[in-house]
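Subject: Structure handover

Hello,

Here is the structure I promised to pass on. My notes follow below it.

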Amino acid sequence: LSQKMKEFCSHWWFKLALKLSLLLLGASSQMYDLHIDCFHLQRPSTVVNNLAARRPHSPVKLNTENPHQVVIGNGVVSFNLSKPKGHIIGIYTGTSNVLEPKNKENDRGYLDVVWNKNGKAGKFQRVVGTNFSVIVANKNIVEVSFSRTWTASMKGSSVPINIDQRYILRRGDSGFYSYVIFERTPGLPAAEVYQVRIVFKLDEARFRYIAISNTRQRNMPSQSDRELGRPLEYPEAVLLTHPTDSQFKGEVDDKYQYSSENKDSRVHGWIAEDDIAAEGFWVITPSNEFRSAGPIKQELTSHVGPTTLSMFTSTHYGGKDVTMNFGEGETYKKVFGPIFVYLNSSPNKARFRSLWSDAVKQLFKEVRRWPYDFVGSKDFIPPNQRGIVSGKLQVQDRIGKAQPAKNAYVGLALPGNAGSWQKECKGYQFWTQTDRNGHFLIENVVPGDYKLYAWVPGFIGDYMYPTKISIRPGRNIKLNSLVYYPPRNGPTLWEIGIPDRSAAELYVPDPNPGFRNKLYPNNGSDKFRQYGLWARYTELYPKNDLIYTVGVSDYNKDWFFAQVTRSTEEKTFMPTTWQIRFQLQNITRGGNYTLQLAIAAATISKLEVRLNEAKAKRPYFSARLIGNDNAIARHGIHGLYELYSVVVGSDELVKGKNIIYLTQSFAKGPFMGVMYDYIRFETPPTATQHCA
């Protein structure tokens with residue numbers, strides 16, 4: 001049968017019919033010439049990715065005859081790009097484009113940035129190349145470049161960075177690689193970059209099933225469903241009131257409900273359940289080294305469109321604290337990527353979910369190959385020119401011997417202060433987790449100067465190795481046993497929460513039934529991703545604020561996940577004051593107690609602490625106006641971490657009942673508030689206690 005089908009496809013009248021069909025769809029003649037060579041009908045295979053079985057040994061072909069397009073194919077996949085702009089016009093696994101054919105050619109696959117002068121509101125720019133060049137082209141690999149050099153005539157209208165976007169296709173691969181080089185040469189003006197990403201907009205008529213993780217998968221509404229819906233508190237959130245498919249009616253759709261932490265966002269995408277077969281489109285990120293702000297930075301993934309993103313940096317869940325800020329004349333160079341755009345298919349439509357499992361397997365393959373040895377730019381550092389850092393981290397919190405820092409996050413980032421890695425966006429970062437004995441190994445480090453940072457789940461604060469670490473090509477640095485002394489001034493009297501930089505263990509309410517996303521059940525760990533949870537506080541505490549009694553209350557049930565404002569019937573907002581009530585049997589006169597306040601997120605909040613006097617004119621402690629991470633509105637259970645150690649004199653306390661008042665006094669909107677990671681009250685240190 002396979003041979004007969006090959007003979008059928010070889011007839012001149014079949015080729016003519018296919019060519020006419022493609023031309024009627026707007027394809028170029030050159031695109032037809034390559035796609036007819038890539039299109040290979042065959043007997044259905046039993047492998048999960050049916051595409052991978054297509055002519056895996058066919059050579060890679062590059063066609064540049066069309067003055068406005070470049071076409072690259074390898075017998076498995078092919079794609080065409082605008083020349084010299086570098087926008088992805090089409091991606092093909094047969095005769096149909098997986099990108100949205102109704103969109104303009106510059107609105108299907110592209111690189112964009114959001115930027116402006118320092119301190120100004122960001123403006124969107126789709127990057128347009130002005131020069132096309134071939135880096136390498138042979139039967140095994142093709143790499144092409146679409147670059148743009150900044151000139152003075154672009155001042156104010158284009159981000160002052162030289163940008164080179166590359167695409168790579170190799171023989172036998174069921175997908176292609178893409179990466180971007182940013183370079184600032186001397187003399188360029190100052191600028192602030194808020195976002196860098198690659199965008200893919202898929203065929204809406206075909207791709208309806210999203211997959212972000214093993215547990216976060218579902219059929220999705222359409223863009224037109226959103227347009228017919230009712231906008232909610234902000235434009236990204238829409239209540240679906242008139243969807244074409246009734247199963248979505250009454251649900252909320254919001255792209256931020258599909259965000260993930262960098263460490264978890266390594267593969268995501270969409271599946272098309274076609275009449276006969278199923279096809280998957282995936283963005284695979286083999287390394288997080290080029291992403292900003294560390295492993296737990298939250299970013300967008302895929303969302304209704306259908307849209308799939310590769311986010312390199314953004315202000316999401318961090319605000320203006322996580323921007324790329326360039327001074328006047330500052331030089332810079334960084335390679336973002338490569339990422340891998342992977343396509344797979346299954347001949348059995350009923351097994352369409354297996355395409356997710358296959359994409360995860362492909363991720364593991366890409367991770368094992370990293371860093372790649374086939375990238376054409378000299379600015380991408382190959383494996384043999386990178387370094388290694390290893391060591392052992394221990395933690396010593398009280399009297400006694402240090403203990404292994406189990407499952408600690410240990411990483412290298414540009415030199416700064418302890419914890420600065422979570423705001424660092426310009427350099428590379430390399431992270432790992434320790435084993436149960438505290439050992440860590442950081443491999444494939446790009447040469448340069450770094451500081452080593454760490455944080456340990458179960459302990460507050462940040463660790464930073466005091467000495468700068470200089471990585472040279474091929475260098476293997478073995479550090480001695482390192483000891484982290486987390487902040488502590490005395491024994492624990494009481495505590496609320498778990499020190500893990502998240503508010504997930506606190507009370508997350510069920511959503512309003514009228515604003516649900518069915519992907520997240522009320523008993524699931526992702527319940528915090530539901531829309532409108534901030535408004536539940538006013539419903540639960542309409543008149544009086546939260547009161548937590550140490551020894552009686554349970555933070556899993558009685559400590560609301562975010563201290564937000566209270567809304568009124570007049571649609572204004574009021575500050576909220578929470579109480580922590582506790583007993584002191586004895587007071588150490590002349591000694592200092594300590595209130596440790598670990599903050600998991602904050603959005604334009606002013607946190608004030610009062611002791612035993614709710615209406616004291618001046619707070620005992622007041623944080624500055626803190627936070628701009630917007631984690632409350634964007635369904636994040638954490639944003640940027642802050643730690644405040646408030647020393648409390650014994651004269652402020654009384655024997656018996658004491659009350660700590662926590663006030664969030666800045667109340668200009670519904671999303672202003674604080675998420676607490678962990679709160680601890682310490683007694684004065686004992687004579688035998690070891691404290692950092």
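Start with glutamine 394: its bridge partner in strand β33 is valine 483. Please keep in mind that this is a predicted model.

Glutamine 394 also has a bridge partner in strand β26, namely proline 404.

Now the strands behind those contacts. Strand β25 spans residues 387-395. β33 covers residues 476-484. The two run parallel and are joined by 7 bridges. β26 is made up of residues 403-404. Here β25 runs antiparallel to its partner, with 2 bridges between them.

β25 has a further pairing, with strand β29 (residues 439-445). That one is antiparallel and counts 5 bridges.

How many residues of β25 are buried? The count is 7 of 9, so the strand is mostly covered, with buried taken as under 20% relative accessible area.

One general point for when you look at the side chains: in a regular strand they alternate between the two faces of the sheet.

Next, the surface. Arg351, Lys361, Lys365 and Arg368 form a positive patch there. Lysine 365 sits in helix α5, which runs over residues 354-369.

Best wishes

Technical notes:
Residues are numbered from 1 along each chain as its sequence is written. This is a predicted model: local features need pLDDT of at least 70, side-chain atom pairs count only at pLDDT 80 or more; totals for chains, interfaces and linings use all residues. Side-chain values use heavy atoms; hydrogens and water are left out. Patches are made of residues with over 30% relative accessible area and no salt bridge: like charges are joined within 9 Å, nonpolar side chains (Val, Leu, Ile, Met, Phe, Trp, Tyr) within 5 Å. Accessible areas come from the Shrake-Rupley method with a 1.4 Å probe; for residues, only the protein chains shown count as cover. A salt bridge is a side-chain nitrogen of Lys or Arg within 4 Å of a carboxyl oxygen of Asp or Glu. Lys and Arg count as positive and Asp and Glu as negative; His and the chain ends are not counted. The place of a charge is taken as NZ of Lys, CZ of Arg, CG of Asp or CD of Glu. Helices (H or I, at least four residues) and strands (E, at least two) are DSSP runs, numbered from the N terminus. Buried means under 20% relative accessible area, exposed over 50%, partly exposed in between (1.4 Å probe, protein chains only). Two strands pair if DSSP finds at least two bridges between them.
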